[in-house]
Amino acid sequence: MRQVPRGNITFAILAGERALSVDGDLRAARYWFDTAYQDAELGGDPEQMGRAALGLSGVWVHEHRTCADWERVRTRQRHALRRLDPRSTLALRLRARQAAEEDYRAGTHDAILRLLDRARAAGDPVALAETLSLAHNCLLGPEHGERRLRLAQELIGQAVRTGRRGDALMGLLLRTVDLFLEASPTAERSLEELQGMLAAKEHRAIGFVVSAMRVMLSIRAGRFEEAETLAAACAEFGDATGDVDATGWYGWQLVAIRWLQGRGAELVPALSEMVHSPTLSALDNSYLASLAAAAAEAGDRRTAEGLLARLRGTELPRSSTWMTSMYFMGEAAHLLRDTETAAYVYAALTPFADLPVIAGHGVTCLGSAHHPLGVAALTLGDAGRAVEHLRTAVRQNLALGHWPATVLSRHRLGQALALKGDPGDEGPGAAREAAELGMVLPKASVRPDAPRGLCRCRRRGVHWLLELDGRSALVGHSVGMGYLAALMANPGQEIPAIDLAAGAQAARSTASSEQPVLDDVARRTYKERLARLEGEIDELESMHDLERAAALRIERDWLLVELTAATGIGGRARPFAGSEERARIAVGKAIWRAVDRVAAVDAAIGEELRGTVRTGARCCYQPH
């Protein structure tokens, strides 16, 4: 056997321990400990093998995600442990690490807590400090808040005995995380203290977590563009540090930003790839749940239902992303009108109603858990309970300083009140706030088993009057409203999109439609309305009534887009190309734009149309 100079091994060990504990450079620490282990094994030095195997595990639990990496590290730990004195402190530290890794992967904590008792009895401050940190990492479920905080406080105390700066930083970090997870008003004060310590000297691993918390606070403030920039910088910093969570945390942050913006459907391609990433934690189901919600929002019912069935088919471990998984399962269930999943989410989240939905170590936040409980109650048709939860969600989100979540909860509260027959002013208020933050508010839903009559539509000058079960909505004319009126006049009958586009008479007379996208009457009406809008906007701006002027500008911009899309070269009306596929796309888009306008006037009627109108090559209004 080749003999390796002991000095070389000692240098590599010391370099690794400095990189890990002092600098927080996980990448450098792995290099030095890997070198040290190989040399110690060649030199037959069990003590140094044990120190190197322990250091290879890193700072956090479950740092090695791929099967090959994890087995390599675990094999080295076992090999070193067999050669050590079982009564030694180093052997105790290795056993604690092994217990934590096994507990984490199983979603349990019994073994590491037994080792924690032994570490306390052993009296070695380093062993106890490490075991406290490991135990904390195995107790990230929402039910363990008080116990985690006690462990973090104990770790801060032990850092005085170990004299290791890394232990003090870790204790303060874990305390800060716990305060955020418990919605403590002192959380940001604790974060400031931690940032002050890091400003004096960097610790990369802990600094990465702090940078993720800054992203969370930017999201809460509704500064989406800033949050996205910070998230990208955070991911780059984490990757350079060697933290395996860099990619996964960046994904969580983008999911939160896009979902709160009302752009969840855009996430489907990226999430479809991310759910298979080997860098994800073994206990992380939040990507599957968020993909289910994004797919449901995108209209991919099959994918969404399949993912919910997969998630419901097993008992989800109470990990640091469990509440996030419940949140998105509830959102997907609402979009799919899946009452069974909604009931499951409601029962699971109820014990933790007063906690915020935060992923990981304060990586991102979706607001009060009362919000998904309110959404679940809405899905179940219990407007009374929905109102109670959503009122509380508004109050708690305000306390968190989470403005996008506050807007969403106010919006859902408006929907719940509308179902109770008391619309109030929550909905319009949320709409104004959403516009200021650049958010698109989500669709409403109604009780799936609620009996419905026919939705009827009648022309009233340049408007359409829609009536449903005593409700009514007056909506301005558009091409899509004309299509909707034709469908509602023929309930249960499929009408080819090309017939709707060209008009039934033209479709019967020729196979190639030259019907304009907007007919002459509609185009003339649009232009007249534009002229009136310009005058009204000027008048309102001169009166400094900026809110009403902004609302009219939105209508003006929409009309301009419609006219531009319907006008060809030289201002001539743009005809359909005669292709059934072209008609299918254009008619579908026009119909759903019209449904959105109906929903803006009356959420219940709009949601009824979303659930009963079908578009495609053949379109249909199929009432319940």
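Strand β1 (residues 356-359) and strand β2 (residues 364-368) run antiparallel and are joined by three bridges; strands count as paired if DSSP finds at least two bridges between them. Helices (H or I, at least four residues) and strands (E, at least two) are DSSP runs, numbered from the N terminus. The model described here is predicted, with local features needing pLDDT of at least 70, side-chain atom pairs counting only at pLDDT 80 or more, and totals for chains, interfaces and linings using all residues. Residues are numbered from 1 along each chain as its sequence is written, and side-chain values use heavy atoms, with hydrogens and water left out.

The hairpin has four residues between its strands, and Gly360 adopts a positive phi near 60°. In a regular strand, side chains alternate between the two faces of the sheet. Along β1, Pro356 and Ile358 point one way while Val357 and Ala359 point the other way, and all are buried (under 20% relative accessible area, with exposed meaning over 50% and partly exposed in between, for a 1.4 Å probe and protein chains only).

A further sheet is open and holds three strands in the order β6-β8-β7, with antiparallel pairing. Its edges are β6 (495-496) and β7 (613-614), each of which pairs on one side only. Two bridges link β6 to strand β8 (residues 618-621) in the antiparallel sense, and here Pro496 sits opposite Arg618 of β8. Helix α23 (residues 479-488) packs on this sheet and touches β6, β7 and β8, its direction making about 65° with that of β8. Contact means heavy atoms within 4.5 Å; axes are lines fitted to C-alpha atoms, for helices over the stretch in contact, and angles run from 0 to 180 degrees between N-to-C directions.

Turning to helix packing, helix α3 (residues 46-56) and helix α5 (residues 89-106) meet at an angle of about 30°, with axes 10 Å apart. The two helices, α3 and α5, are therefore roughly parallel to each other (angles under 35 degrees; over 145 is roughly antiparallel, 65 to 115 roughly perpendicular and the rest oblique). α3 passes α5 in a left-handed crossing, in which the near helix is turned anticlockwise from the far one by less than a right angle; clockwise would be right-handed. On the α3 side, Glu47, Gly50, Arg51, Ala53 and Leu54 meet Leu90, Arg93, Leu94 and Arg97 of α5. These contact residues comprise four nonpolar, one polar and four charged, where Ala, Val, Leu, Ile, Met, Phe, Trp, Tyr, Cys and Pro count as nonpolar, Asp, Glu, Lys and Arg as charged, and the others, Gly among them, as polar.

Helix α9 packs with helix α11 (residues 204-220) at about 20°, their axes lying 11 Å apart. α9 and α11 are therefore also roughly parallel to each other, and their crossing is left-handed. From α9 come Gly166, Leu169, Met170, Leu173, Thr176, Val177 and Phe180, and from α11 Ile206, Val209, Met213, Met216, Leu217 and Arg220. The contact of α9 with α11 divides into 10 nonpolar residues, two polar and one charged.

Two loops deserve a look for their backbone. Ala183, in the loop between α9 (165-181) and α10 (187-200), has a positive phi of about 60° although it is not a glycine. Ala183 counts as partly exposed because its relative accessibility is 32%. With a relative accessibility of 18%, Arg337 counts as buried.
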